[in-house]
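Have the coordinates open while you read.

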Amino acid sequence: MNLQAVGLPVSLEAALSGALALLLAVWLDRLVGEPPERAHPVVWMGQALRWWGERLAPLSPKAQDWTCFWAAALVWCALAAVVFVIFWGAQWAALQLHWLLAAALLALLLKPLFAWRMLCDEVLAVEAALARSLPEGRARLARLVSRDVAQLDALQVRESAIESLAENLNDSVVAPLFWFALLGLPGAALYRFANTADAMWGYPGMRGGRYWQWAGKWAARADDVLSWLPARLTALLLALAARGLPLHELARQARKTPSPNSGWPMAAMAMALGVRLAKPGVYVLNRKGRNAGPLDTRRAEKLVSMVVMALVPLAAVVHVLVVLVAAA
């Protein structure tokens, strides 16, 4: 039944379509996981960023390369605008349909913009590989992190996997759904573009034979801005899932990492599990915690699932309120 037929406004139809789409997208994620690469919009974003990155980032270090910085910033803005407009258009077209059809189509479009099942599967696969051998654990971890894994021992491999799970809980799940709740499909797509750009361009030095200090600076800062609130929300949700954490200590631990955002979910995870998490030579979180064991990886995955289950209805309600307020 069309809601307009019983006197409800179009804005309520749009709000309900978006909220239902979010619920359906999460269900699709658990049921089927990621779409094929050839049909994955985040893969397309990555391909565009790779093509431009090869033309923007120099092959050798340069001091104060403002020309490179502004060129990369302009390309980032242009690509972000394209992503935003495409997904805005797709959302607009979907909302012209019956509200249930609109919800189904929006769910299909939203699903590739976050990755809950894949994130948990990849981290648990590291633990399974580590149980077989240290080299297998290192090789599996290398699929998740950008750091050099060759010298990591078994404990460090496990710690890195749990850290990646916590950090990517924000980057791959909470933040995209946060921006969907506020700005709809184009908001989630814009965030995923920014996060992908940071992952590919946002390095302070050499990587992949190119110098990213200036070519990636804008991408890194843009991701910091868009992730600022979601990272803290992720930490709060982890604290709730752990039945409470001292927030002043959480904030103190979060500030130990170089990133303004990643420390929040990682510190919350370390405190929730009661374990020590560290990146050799960079930071130690929850220093007095015990060493992480094999069961802690599974406990971390369960905490992540609890966070998502709490986030989804909250995001759906916020989305309905935002759409109704915007239409008022």
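1. Let's start with Trp-88, which counts as partly exposed at 47% relative accessibility. On the cut-offs used, buried is under 20% relative accessible area, exposed is over 50%, and partly exposed is in between (1.4 Å probe, protein chains only). Trp-88 has its place in helix H3; helices are DSSP runs of H or I with at least four residues, strands are runs of E with at least two, and both are numbered from the N terminus.

2. Some ground rules. This is a predicted model, so local features need pLDDT of at least 70 and side-chain atom pairs count only at pLDDT 80 or more, while totals for chains, interfaces and linings use all residues. Residues are numbered from 1 along each chain as its sequence is written, and side-chain values use heavy atoms, with hydrogens and water left out.

3. Trp-88 also belongs to a nonpolar surface patch, together with Phe-84, Val-85, Trp-92, Leu-182 and Leu-183, and the patch has about 590 Å² of accessible area in total. Patch residues have over 30% relative accessible area and no salt bridge; nonpolar side chains (Val, Leu, Ile, Met, Phe, Trp, Tyr) are joined within 5 Å, like charges within 9 Å. A salt bridge here is a side-chain nitrogen of Lys or Arg within 4 Å of a carboxyl oxygen of Asp or Glu. The areas are Shrake-Rupley values with a 1.4 Å probe, and for residues only the protein chains shown count as cover. H3 and helix H7 (154-201) each put in at least two residues, with H3 giving the most, 4 residues.

4. Next, the aromatics. The structure has 10 aromatic pairs. In Trp-70 and Trp-218, the ring centres are 6.5 Å apart and the planes sit at 55°, so this pair is tilted. For reference, rings of Phe, Tyr and Trp (its six-membered ring) pair if their centres lie within 6.5 Å, with planes under 30 degrees apart called stacked, over 60 edge-to-face and the rest tilted. Trp-70 is in helix H3 (residues 66-94) and Trp-218 in helix H8 (residues 217-241), so the pair ties together parts 148 residues apart in sequence.

5. Buried or exposed: which is Leu-74? Leu-74, also in helix H3, counts as exposed at 63% relative accessibility. Trp-218 itself is partly exposed, at 28% relative accessible area.

6. Two charge-over-ring cases to look at. The charged end of Lys-217 sits over the ring of Trp-214, 5.2 Å from its centre, and Arg-30 lies over the face of Trp-116 at 4.2 Å from the ring centre. The test is NZ of Lys or CZ of Arg within 6 Å of the ring centre and within 35 degrees of the ring normal.

7. Thr-297 lies in helix H11 (residues 294-327) and is buried at 1% relative accessibility. Leaving aside neighbours within four places in sequence, Thr-297 is in contact (heavy atoms within 4.5 Å) with Val-123, Leu-124, Glu-127, Arg-158 and Ile-162.

8. Finally, two loop residues. Ser-262, between helix H9 (247-254) and H10, is buried at 11%. Gly-274, between helix H10 (263-273) and strand E3 (277-279), is partly exposed at 28%.
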